[in-house]
Amino acid sequence: MKITLRVWRQKGPEDAGKMVEYQLDDVSPDMSFLEMLDVLNERLIAEGEEPIAFDHDCREGICGMCSLVINGVPHGPERATTTCQLHMRKFKDGDVIDVEPWRAQAFPVIKDLVVDRSAFDKIIQAGGYISAPTGSAPDAHSIPVPKPAADAAFEAAECIGCGACVAACPNGSAMLFTAAKVTHLGLLPQGQPERYDRVVKMVQAHDEAGFGGCTVTGECTVACPKGIPLETITRLNRDYLAATAAGKKKS
Ligand code: SF4
Ligand code: FES
């Protein structure tokens with residue numbers, strides 16, 4: 001396949017950045033999108049040019065590192081997949097493909113296609129944990145968990161922290177990510193002691209990090225490679241209201 005790539009190149013956080021065009025004449029449909037970028041980078045290095053910086057790690061759809069906006073869509077045209085699991089067979093011979101970084105106020109560009117997602121770490125640090133006595137591991141069935149709660153918690157725990165929800169949101173909100181973490185812990189018995197403190201602290205960290213407010217446009221859940229549902233935001237709102245209603249904070 002012949003592909004024209006238009007890639008966002010930005011030398012550093014202070015650089016203005018611009019789209020740069022590259023022609024690729026021998027792209028295999030079986031390549032992943034990141035392998036196609038690897039091939040381009042090998043060529044750029046051989047030509048003495050700076051390779052394109054982009055984030056990746058597992059390349060198996062589980063770590064959340066890959067983060068490209070492809071033709072205006074976070075993680076590209078295939079639904080419910082990460083950039084690393086996207087293959088060139090999803091494109092046609094002769095296609096022109098725009099590749100950009102996540103764009104959000106809370107995710108500043110570090111270089112080219114790499115953004116700083118440490119704002120997510122701050123939200124997790126604010127409450128994404130439980131307190132448990134140390135010692136030997138408890139028996140697996142010592143704390144019964146109702147099946148519906150276990151299933152919903154597991155579904156929320158699938159969030160890989162990639163940030164596509166933020167990149168897709170017109171408000172640059174990270175509410176789907178935050179709600180996934182709040183839901184994951186808040187549905188389990190082990191997460192109850194900090195449940196109401198957690199939601200208040202995580203939402204506060206979310207706002208302080210510069211993410212926008214949620215207006216339930218739903219773009220986040222469409223872009224999410226793990227299908228985290230909007231109901232998780234409903235759960236977050238319910239816990240947040242319970243924690244703060246009438247100025248009385250539960251703890
Ligand atoms: S909610 Fe979905 S899109 Fe957002 S960080 Fe988690 S996995 Fe990525
Ligand atoms: S590189 Fe790990 S999810 Fe894509």
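How many nonpolar, polar and charged residues does the shell around ligand 1 have? I opened the notebook with this point, keeping in mind that the model is predicted. Sorting the shell by class, I found 12 nonpolar residues, two polar ones and one charged one.

**Entry 1, ligand 1.** I then looked up which of the 15 residues around ligand 1 come nearest, and noted Cys 159, Cys 162, Ala 164, Cys 165 and Cys 224. Turning to the helices, I saw that α4, residues 164-168, and α5, residues 175-186, each supply at least two residues of this shell. The helix that gives the most to the shell is α5, with three residues.

As a reminder to myself, an α-helix has 3.6 residues a turn, so residues three or four places apart point the same way.

In α2, residues 118-127, the buried residues are Ala 119, Phe 120, Ile 123, Ala 126 and Gly 127. Their arc around the axis is only 120°, which puts them on the same side of α2. I noted that the buried residues of α2 pack against α5 and α6.

**Entry 4, the loop between α6 and α7.** Where is Cys 214 placed? I located Cys 214 in the loop between α6 and α7, and it counts as buried because it has 20 C-beta neighbours inside 10 Å. Leaving aside neighbours within four places in sequence, I found Cys 214 in contact with Asn 171, Ser 173, Met 175 and Ile 233. For Asn 171, which is 43 residues from Cys 214 along the chain, I noted a C-alpha separation of 6.9 Å. Val 216 is found in the loop between α6 and α7 (219-223), and its phi is near 55°, a positive value in a residue other than glycine. Val 216 counts as partly exposed, because it has 13 C-beta neighbours inside 10 Å.

With 13 C-beta neighbours inside 10 Å, Ala 80 counts as partly exposed.

I traced an open sheet of five strands in the order β2-β1-β5-β3-β4, with mixed pairing. Because β2 (18-24) and β4 stand at the edges with a single partner strand each, one side of each is left without a neighbour in the sheet. Strand β3, residues 68-70, is joined to β4 by two bridges, and the two strands run antiparallel. Which residue of β4 is the bridge partner of Ile 70? I recorded Val 73 as that partner.

Methods
Residues are numbered from 1 along each chain as its sequence is written. Chains are lettered from A and ligands numbered from 1 in the order in which they are written. This is a predicted model: local features need pLDDT of at least 70, side-chain atom pairs count only at pLDDT 80 or more; totals for chains, interfaces and linings use all residues. A residue is near a molecule or strand if its C-beta atom, placed from the backbone, lies within 6 Å of it. Ala, Val, Leu, Ile, Met, Phe, Trp, Tyr, Cys and Pro count as nonpolar, Asp, Glu, Lys and Arg as charged, and the others, Gly among them, as polar. A residue is buried if 20 or more other C-beta atoms lie within 10 Å of its own, exposed if 12 or fewer, and partly exposed in between; C-beta atoms are placed from the backbone. Two residues are in contact if their C-beta atoms, placed from the backbone, lie within 7 Å. Two strands pair if DSSP finds at least two bridges between them. The arc is that of the directions from the helix axis to the C-beta atoms.
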